[in-house]
Amino acid sequence: MTRVLVIGGGIAGYCAALAARRDGADVTVVARAPGATALYAGGMAIIDDLDTVLRSPHHPLTRLGIDPVGIATELDTAISTLQLALGKEGLKFEGTWRRRGLYADIHGVARPANIVPATVAPGELGALSGKRVAVIGVPQVGDYDAASTAQALKELHGIESFAEDVTIDDLPVAASLTDLYGRRAPAPRARGAAIAYPPGFVALPDDGFELLSSPPSPHGWRLQQALALGAVQAEVTAFETSQASVVAARSSARSFRADAFVLATGRHIGGGLKGGRATTEPLLGLGVFREGSPASSLGVRLHLLEYLDPSEEMRMGLMTDKRLHPLREDGAAAFGNLYAAGAVLGGYDYAGPSGFGVPILTGWLAGRYAAKQGE
């Protein structure tokens with residue numbers, strides 16, 4: 001049985017572990033701490049336009065060398081498996097990567113998403129057309145104004161909405177939205193209307209739904225808690241390597257030996273990349289690229305680009321071959337049993353329309369490839 005070690009506890013690492021176990025591997029997941037996954041607002045944007053994505057030569061999905069039909073098939077399998085696994089952990093998701101909806105956040109602003117929690121799904125703005133919507137407010141909470149949200153829903157989206165305040169007696173003084181987390185949803189006075197709740201409540205009524213959030217996000221906490229189940233909490237600080245392969249990953253307390261390794265360490269929040277005068281991959285010294293060129297070779301030009309647009313830093317990352325082996329700066333695969341997935345990859349904007357599509361699909365494929373190591 002192939003032993004696979006996944007380093008990283010976000011959505012990419014979770015999908016890698018799902019795929020590797022599905023293909024019969026013995027999988028261990030090592031996670032240092034929650035990464036950017038815990039910050040997500042409640043809606044997963046998967047792929048906006050697959051054909052457009054595949055016309056970008058340095059996009060991680062383009063580099064897979066898989067045609068659109070093949071990518072679509074893999075996405076169908078990966079996402080259905082992910083939804084099934086999270087559902088077993090008590091976190092049910094709805095939707096498909098082939099169809100995108102619009103969902104309101106706590107400010108009434110519409111955000112696009114393909115996959116959303118079942119508690120958010122009834123709040124798709126198209127489905128609310130023609131309905132009355134009661135927006136629940138809590139007077140003790142100072143960082144959320146239900147009246148403003150209701151007004152935005154009406155003015156921006158043409159939804160007949162109104163605010164209704166519900167008092168919760170045991171809230172602390174100057175409470176915030178985070179203090180609502182895990183509390184039973186209060187019953188409003190409104191009848192015959194859909195009910196929009198700020199995120200965090202549990203046991204919503206049948207006609208209730210949650211709004212999307214902004215960090216810190218109850219949606220993100222729930223997802224990260226589900227992803228973290230079964231993971232070993234440890235920080236990988238170094239690797240043992242031979243000339244052509246990785247032998248083991250080391251933390252301060254132990255060494256993890258495996259036949260194949262999946263690097264799903266994220267970018268700056270997760271610690272997969274380290275910023276500074278030059279962005280580097282801190283564990284193995286892998287190549288960091290921008291638009292196909294090593295970041296270290298861009299020198300002053302890169303600093304100028306970052307000065308003009310700070311998000312340039314967020315577009316850099318690892319490059320991989322068709323089997324998701326990360327490359328050295330010379331363009332050669334670094335190790336035959338090392339795979340990379342998720343936000344640590346460069347060539348795309350992980351806050352953009354493929355924000356969850358890349359981690360889900362590359363994690364899924366990396367897990368499959370790792371499980372077949374040595375065959």
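The legends below describe close-up views of a predicted model.

**View 1. The open parallel sheet of strands β7 to β10.** In this predicted model, four strands form an open sheet with parallel pairing, and their order across the sheet is β8-β7-β9-β10. The edges are taken by β8, which covers residues 160-165, and by β10, which covers residues 208-210, each of them pairing on one side only. With direction ignored, neighbouring strands of the sheet are turned against each other by 30° on average.

**View 2. Strands β7 and β8 with helix α5.** Six bridges in the parallel sense link β8 to strand β7, which is made of residues 132-137. Within this pairing, Val135 has Ala163 in β8 as its bridge partner. Helix α5, residues 146-157, packs on the sheet and touches both β7 and β8, and the direction of α5 makes about 175° with that of β8.

**View 3. The hairpin of strands β12 and β13.** Strand β12, residues 238-241, and strand β13, residues 246-250, run antiparallel and are joined by four bridges. Across this pairing, Glu240 stands opposite Ala248 in β13, while a hairpin of four residues carries the chain from β12 to β13.

**View 4. The crossing of helices α1 and α8.** Helix α1, residues 11-22, and helix α8, residues 357-371, cross at roughly 35°, with axes that come within 7 Å of each other; the crossing is right-handed. On the α1 side the contact is made by Ile11, Ala12, Cys15, Ala16, Leu18, Ala19, Ala20 and Arg22, and on the α8 side by Pro359, Ile360, Gly363, Trp364, Gly367, Arg368 and Ala371. Sorted by class, the residues of this contact are eleven nonpolar, two polar and two charged.

**View 5. The largest pocket and its lining.** The largest pocket of the model has a volume of about 1100 Å³. Its lining consists of 47 residues, and those that lie nearest the centre of the pocket are Gly35, Ala36, Thr37, Tyr350 and Phe356. The elements that give two or more residues to this lining are α1, β2 (26-31) and β5 (110-113), and among these α1, the helix that also crosses α8, gives the most, with three residues. By class, the lining of the largest pocket divides into 28 nonpolar, 14 polar and five charged residues.

**View 6. The largest cavity.** Ten residues line the largest cavity, and the closest to its centre are Glu291, Gly292, Met319, Gly346 and Gly347. In this lining, two residues are nonpolar, five are polar and three are charged.

**View 7. The second largest cavity.** About 30 Å³ of space lies in the second largest cavity. The residues that line it are His58, Pro60, Arg63, Leu318, Met319, Thr320, Leu345 and Gly346; of these, Met319 and Gly346 also belong to the lining of the largest cavity. By class, the lining of the second largest cavity comprises four nonpolar residues, three polar residues and one charged residue.

How values were computed: Residues numbered from 1 in each chain as written. Predicted model: local features only at pLDDT ≥ 70, side-chain atom pairs only at ≥ 80, totals over all residues. Heavy atoms only, no water. Pairing = 2+ DSSP bridges. Axes fitted to C-alpha atoms, helices over the stretch in contact; angles between N-to-C directions. Contact = heavy atoms within 4.5 Å. Left-handed = near helix turned anticlockwise from the far one by under 90°. Nonpolar A, V, L, I, M, F, W, Y, C, P; charged D, E, K, R; others polar. 1 Å grid on protein atoms, 1.4 Å probe; cavity = no way out; pocket = protein on both sides within 12 Å on 5 of 7 lines; lining within 4 Å. Points joined across faces, edges and corners; volume = space filled by probe spheres on them.
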